[in-house]
Amino acid sequence: MNYNQLAFWLLFLAVIAPYWRLSHRGQNILLLVASYFFYSFWDYRFLFLILLSTVIDFVGGLGVGGGRLAKSRLWGLGALVVGASVLLCSEGFTDFRIPLGTLAVSTLYALVVPRLYALEERRRRKVFLVISLTANLVILGFFKYFDFFVGSATEALTRLGFISGPAPLLGILLPAGISFYTFQAMSYTIDIWRGECEPTDNFVDFALFVCFFPHLVAGPIMRAHTLLPQVVNRRMLEPNAFSAGLWLVVVGLFKKMVVSDSMAPIANSVFYRLGTGDTAGMTGAEVLIGIYAFTLQIYGDFSGYSAIARGISKWLGFELIINFNLPYLATTPSDFWRRWHISLSTWLRDYLYIPLGGNRHGVKSEYKNLMITMLLGGLWHGASWTFVAWGLYHGVILCVFRALGIRDAKPSGGLLRYGLRLALMFHLTCAGWLLFRADNFGAVTSALDLLFTQFQPSAAVLTPLALVLFYGGALFAFEIFVKGEERFDKLLRSPWAVQGACLTYFVGMLLVFRAAHAFEFIYFQF
């Protein structure tokens, strides 16, 4: 049996675990091992990183919450990390400074932590909070942004004439899903600090909370007070858990394999030409169709992953939050962020925007806080200036709508007005996706130039336009029927004929209209 087969069977056993007489503790251990195997699909070295982070956050959470670990358990956790680093070197790294450095750090940590436990309560809580947050931010900053900031600084200094030569980049391999699990781990210690949840003194439970495999790589980002109790307490499967999970998985596969992957070639061909500057003979209509295609692609891709994660989690007895709620039916930027990537937008609101002051200190402070929040939200998505610009763009339109006093529109306020507001916000969102998808700012300026100076519809856009309308219509007709995933129970309570027709439709689409080529989930890179 090879590695992939072993990982598959572990995942299979984890999925069926709630249906056979395995203890709650046994289920958690099996789920944790399955999660580690799943994560190591990308690169086994990532396991060392996530294990190190998990140990720091586990001890930090106990320190913030007033708990403590015996010295024997501290030394045991240190030995676990050192053992993982030794294995890491034996499997591919020849530089044994890694395990030696890890041994030194683990020993120091195990010696210092008992002294930190002895500090006065408020100081102890603050010290452990700072250690935990710093560790997560350093890991995220080093692996995701080191080359970006060093490269940008080197380029700027070179243009100013201060230095010459290539940037000293490290070529760091980005761990899959690092942005998601670091944000989730940070929310744990922050929530304990705020008194919104209690720390767990069981390392297996905490490790499973951090790296629960259905949502580990691309969300949704789960809060400690929501997911951790489901890990710690015995889980009971709901009567309709299997059918509800199956529907979510089928719908998620439809969104990804039919809609998103069918739109990817259209979007990729347009943005590739824009990125390389090969725009000869290209029209603004083609650019617009490419943007529309990416708008569908990223929604089908990301919401499809979230739906699959929720479906698999239901089979395991877990309930993940709804991450999308018809975002393209938003009528204001605020409304859009209440509907799109809900777990991230609420995280940024609760842990960044509100602590900065929110809207409590006047209009200027509110706009400043919005801009800072959206800038960092854009940077969270990737180490690129186009992502920073995308975040700033959304910050600007948020501020503009608030300055103009434009509030959410409802159909009851007049269908024409509501339709115009939908169209306006949809196209503002599409403009943001241009920044998000473009490889560089040259691609953005080329796209805008073609859109506003050479918008000539031609026969060449008829086929991609028909595909966008076909797949988009197929997706949103069902989305509106169940109101995103908010009223998925409506489908489960429908007569068997309705459920049968819907299932036949989705399976038929998966068999007949599945994309010819599969593409990696977009958010795996974040």
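User: Which residues does Ala293 touch, not counting those up to four places away in sequence?
Analyst: In this predicted model, Ala293 touches Met263, Ile266, Ala267 and Val468.

User: Where is Ala293 found?
Analyst: Ala293 sits in helix α11, residues 284–315.

User: Is Ala293 buried or exposed?
Analyst: Buried: its relative accessible area is 0%, and the cut-off for buried is under 20%.

User: And how are Ala293 and Ser262 placed?
Analyst: They are 31 residues apart along the chain, with their C-alpha atoms separated by 8.8 Å.

User: Switching to α14. What should its span be, and why?
Analyst: Helix α14 covers residues 363–381, which is 19 residues, so at 1.5 Å a residue it should span 27 Å. The end C-alpha atoms are 27 Å apart, in agreement with that.

User: Which residues of α14 are buried?
Analyst: Ser365, Glu366, Asn369, Leu370, Thr373, Met374, Gly377, Gly378, Leu379, Trp380 and His381.

User: What covers those buried residues of α14?
Analyst: The cover includes α6 (121–159), α7 (178–194), α12 (333–339), α13 (342–356), α15 (385–403) and α16 (415–437).

User: Now the surface. Which residues form the nonpolar patch?
Analyst: Phe470, Leu503, Val507, Leu511, Val512 and Phe513, with about 550 Å² of accessible area together.

User: Which helix gives the largest share of the patch?
Analyst: Helix α20, residues 496–512, with 4 residues. Val512 lies in that helix.

User: Val512: buried or exposed?
Analyst: Exposed, because its relative accessible area is 61% and the cut-off for exposed is over 50%.

Notes: Residues numbered from 1 in each chain as written. Predicted model: local features only at pLDDT ≥ 70, side-chain atom pairs only at ≥ 80, totals over all residues. Heavy atoms only, no water. Helix = DSSP H or I, 4+ residues; strand = E, 2+ residues; numbered from the N terminus. Expected span 1.5 Å × (residues − 1). Buried < 20%, exposed > 50% of the residue type's maximum accessible area, 1.4 Å probe, protein only. Contact = heavy atoms within 4.5 Å. Patch = residues over 30% accessible without salt bridge, like charges linked within 9 Å, V, L, I, M, F, W, Y side chains within 5 Å. Areas by Shrake-Rupley, 256 points an atom, 1.4 Å probe, with all protein chains shown as cover. Salt bridge = Lys/Arg side-chain N within 4 Å of Asp/Glu carboxyl O.
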